[in-house]
Amino acid sequence: MKSDITFGQYVEGDSLIHRLDPRIKIIASFLYIVVIFLAKSASAFLLLTLSAVFFVLLTRIPPRMILRAMKPLLFIILFTAIINLFFMTGEHLLVQLGFIKIYREGIVNACLIVLRILLLIVATSVFLTYTTTPIALTDALEQLLAPLKKLHVPVHEFSMMMTIALRFIPTLIDETQKIINAQTARGADFTSGSLIQRGRALVPILIPLFISAFRRADELATAMECRCYTGGEGRTRMNTLHSEPKDWVFLCSIVLLGAAVVLLNRFLPLMTIQL
Amino acid sequence: MDIIKAEHLSFTYPGDEDTKPVQALKDVSFSIPEGSFTAVLGHNGSGKSTLAKLLCMIALPDSGRLWIAGREMTADDTTEEDILAARREVGMVFQNPDNQIVATIVEEDVAFGCENLGIPPKEIRRRVDEALAAVGMSEYARHPSYNLSGGQKQRVAIAGVIAMRRRCIIFDESTAMLDPMGRREVMDIIERLNREEGITVLIITHHMNEAARADRILVMNGGRIFADGTPAEVFGNPLRMWEAGLDVPQTTELCWKLRADGLDVPLDVFDADECARILAEKIGGRR
Amino acid sequence: MNAIELEHVNFTYNRNLPSAHRALDDISLEVKSGGITGLIGHTGSGKSTLVQLLNGLLKPESGTVRLDGIDIWAEPKKIREVRFKAGLVMQYPEYQLFAETVEEDIAFGPKNMGLSGEELDRRVREAAAFSGLGEDLLEKSPFDLSGGQKRRVALAGVIAMNPKILILDEPAAGLDPGGRRDILGGIKRFSRESGTTVLIVSHSMEDMAMYCDDVIVMAHSKILMHRPTAEVFSRAEELAAVGLDVPLITRVAAALQKNGVDIGLDVYTVDYAVGKLREYMSASRAPELP
């Protein structure tokens with residue numbers, strides 16, 4: 001339970017993708033998303049689907065785990081598909097049932113939209129959430145955004161906040177459970193009564209929880225000061241991220257994929273799609 | 001040289017509409033020589049946690065003077081830089097292990113202080129590895145801290161201080177929330193840091209058996225220093241300790257009560273085997 | 001009659017997951033009404049799980065838990081009544097206070113039981129008195145009190161529910177010797193005067209020695225022994241083997257025996273040891289008298 005939250009959806013592993021520099025992974029997933037939106041032809045989509053399958057295989061994460069990530073989005077996927085199916089008009093009318101008209105273009109569009117969403121999910125989960133811990137992502141973001149510090153964007157403060165939040169989530173979950181137990185032992189009832197009664201029943205949990213969170217924040221601030229923390233200025237990091245040749249090769253392959261998509265759109269579309 | 005020196009420190013918590021002002025420290029003077037192992041012993045409300053607050057400079061005394069690592073903290077011209085410089089020399093380990101660990105992963109937390117000091121990454125790596133080895137936590141370097149026991153968390157916190165190469169470490173009730181096993185682990189490390197590494201140690205505690213391991217005990221009571229001496233001297237007067245709301249080790253209590261029977265037994269033996277050996281000698285064991 | 005009875009109780013955390021961990025392994029146990037029983041064990045021995053089972057916060061995987069002879073899970077819908085019967089004071093209970101005044105906080109439990117008016121008022125005042133809280137504190141905010149006082153408010157909050165069994169998880173944790181004596185002494189007085197069965201969970205063998213009639217020792221999810229206090233301490237080596245701290249005086253008694261002075265092994269308070277040693281000395285001097 002606790003580890004679920006700290007590590008998000010991270011699946012432990014030692015694959016090539018796991019070992020990539022998280023900064024490169026962030027850039028690569030942005031590029032990949034751009035490439036997905038560049039695809040305008042059946043051949044390009046085919047290539048992207050193949051590449052996605054390839055990347056999934058490369059992570060050595062069981063594909064069913066990645067399918068599970070799609071479950072919460074199932075409703076949105078279906079909804080967009082249905083909208084496209086029924087409301088897209090075109091030249092080739094296939095079925096007409098009263099006011100419902102289904103065109104061939106509608107079916108194609110629905111399929112492609114679904115495919116596009118699936119590709120987006122795979123891209124973000126394979127490159128980021130499944131193979132990179134939130135901690136590594138935070139560090140990578142801090143370093144990627146470091147140039148913004150010159151524009152007085154509080155990059156370090158943001159990343160320190162994230163670090164501390166990630167660190168304290170399990171502690172506070174534990175604490176919440178303890179307080180719930182304690183109040184339950186005193187006969188508190190959180191499950192019956194009207195909405196207002198239930199809301200009121202939360203007071204004995206929320207007040208101790210807030211007080212404890214403030215106490216912890218106060219003690220942590222003192223501890224950080226005693227450890228000579230004075231903000232981002234003059235700070236070094238033990239784990240500086242290093243990009244190796246394999247990271248650049250990986251990034252190039254995404255760029256090449258983009259180039260291939262553009263070329264396929266242009267010269268071998270098989271079927272051009274208006275999305 | 002004294003790494004900490006306090007002269008006539010006083011501190012009062014201001015009251016508000018519901019509460020009266022409380023004078024927590026009254027004219028407290030003492031000094032801690034470099035390399036020593038001192039325990040500050042006192043019941044809750046005796047002023048010992050207020051003293052800790054002053055020593056880590058999250059509060060300033062109302063009056064009196066305080067020097068840390070040769071710098072005066074209470075002068076009119078004391079700057080942030082002076083305080084920071086003092087913090088580089090004197091580290092703190094607090095009571096609640098959960099509220100002093102900053103990063104999720106053990107080694108990243110140990111590195112935190114060194115990172116603040118701006119030490120080059122390679123040097124931090126070396127120090128972190130050494131510090132984790134010194135507290136016996138090397139195998140947990142890449143673990144998240146929340147799965148660790150209380151004693152292990154405190155060892156991580158200690159490693160964070162060691163990695164900063166401080167000359168003095170103040171332990172503010174660092175064992176109070178631990179189980180007996182964790183308490184022993186942490187006390188063993190504290191003792192080793194002092195004896196082997198020569199780090200000046202100041203422990204603030206209400207456990208007399210922990211204080212018995214120090215070279216010197218300062219007893220706080222009612223905001224004042226109530227007794228100051230070696231464990232033998234301080235525990236040698238059990239009535240006075242009881243008066244301060246504290247206990248003495250059971251061996252001392254036993255010997256003290258047996259003295260009433262005319263037995264000449266020492267009050268400064270805190271080890272069960274040693275105590276039994278001396279008692280058997282005096283009483284004459286039947287074999 | 002037995003206040004608490006456990007029969008072949010098992011409990012596993014994260015059942016059906018790879019991280020499954022058996023916290024209680026076939027526990028059977030009987031605790032008599034009216035006394036103070038200590039529950040001791042190293043961290044992770046299963047004692048906190050056991051406590052939560054008694055109060056109905058956790059449901060056993062198998063086996064039965066009976067309070068006053070009644071299976072607490074016979075009617076799962078009535079589990080809240082079990083919680084009133086077996087009052088539980090958790091570790092560091094001062095962190096659960098939430099109300100604006102001490103009085104309101106103590107009244108939370110009894111109010112949940114449906115009490116009101118004079119009866120509620122009487123309960124609150126009685127509980128406060130038992131816990132050593134003066135009347136003048138009742139109107140104060142619990143957050144203005146000292147740590148020790150806050151803990152007493154939390155204790156009073158459970159006592160006010162008038163439980164037949166009072167379960168306390170580390171009631172003296174973090175307190176200084178005086179604070180420990182106050183709170184544990186208060187609990188002992190409460191048990192004697194009200195006839196309430198008390199179960200104290202603690203790491204401290206010294207506290208167990210001072211306040212408990214009998215002691216349950218848990219190790220590795222099982223019950224290692226359940227005996228009168230003196231008998232438990234005479235088995236010091238077994239306790240040390242499962243990572244428990246034996247009082248210093250008990251170790252002195254063991255070492256004395258090795259040095260030829262046998263005052264027995266069931267020594268767990270200094271005064272008892274002093275008495276025994278005096279007996280020993282007068283017995284050994286007697287033959288020398290002319």
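How does the radius of gyration of chain A stand against that of a compact globule of 275 residues? I looked this up first. Chain A has 25 Å, whereas a compact globule of that length would have a value near 19 Å. The radius of gyration is taken over C-alpha atoms, and the globule rule is 2.2 Å times the number of residues to the power 0.38.

**Ground rules**

I am reading a predicted model, where local features need pLDDT of at least 70, side-chain atom pairs count only at pLDDT 80 or more, and totals for chains, interfaces and linings use all residues. Residues are numbered from 1 along each chain as its sequence is written, chains are lettered from A and ligands numbered from 1 in the order in which they are written, and side-chain values use heavy atoms, with hydrogens and water left out.

**Chain A**

I noted 12 helices and 2 strands in chain A. Helices (H or I, at least four residues) and strands (E, at least two) are DSSP runs, numbered from the N terminus. The order along the sequence is α-α-α-α-α-α-β-β-α-α-α-α-α-α.

I then took the extent of the C-alpha trace, which spans about 70 × 55 × 40 Å along the principal axes of chain A. Of the 275 residues in chain A, 41% are buried. Buried means under 20% relative accessible area, exposed over 50%, and partly exposed in between, with a 1.4 Å probe and protein chains only.

For contacts (heavy atoms within 4.5 Å), I looked at residues at least 6 apart in the sequence of chain A: 76% of these contacts join residues at least 24 apart.

Chain A exposes about 15,200 Å², and carbon and sulfur atoms supply 72% of that area. Accessible areas come from the Shrake-Rupley method with a 1.4 Å probe; for residues, only the protein chains shown count as cover.

**Domains in chains A and B**

The bounds here come from an automatic or database domain assignment. For chain A it gives domain 1 (11–136 + 242–267) and domain 2 (146–226), and I find their C-alpha centres 36 Å apart.

For chain B it gives domain 1 (2–248) and domain 2 (249–287). The contact between them takes 11 residues from domain 1 of chain B and 8 residues from domain 2 of chain B. Their C-alpha centres are 33 Å apart.

**Chain C**

I noted 11 helices and 10 strands in chain C. The C-alpha trace of chain C spans about 75 × 50 × 35 Å along its principal axes.

Buried residues account for 56% of the 290 residues in chain C. The accessible surface of chain C is about 12,200 Å², with 49% belonging to carbon and sulfur atoms.

**A closer look at α3(C)**

Why do I call helix α3 (residues 102–112) of chain C largely enclosed by the rest of the structure? Because 8 of its 11 residues are buried. Among them I listed Val102(C), Ile106(C) and Phe108(C), along with Glu103(C) and Asp105(C).

What do the buried residues of α3(C) pack against? From chain A, the partners are α9 (155–185) and α11 (203–226). From chain C, they are α2 (79–85), α4 (117–130) and α5 (147–159).
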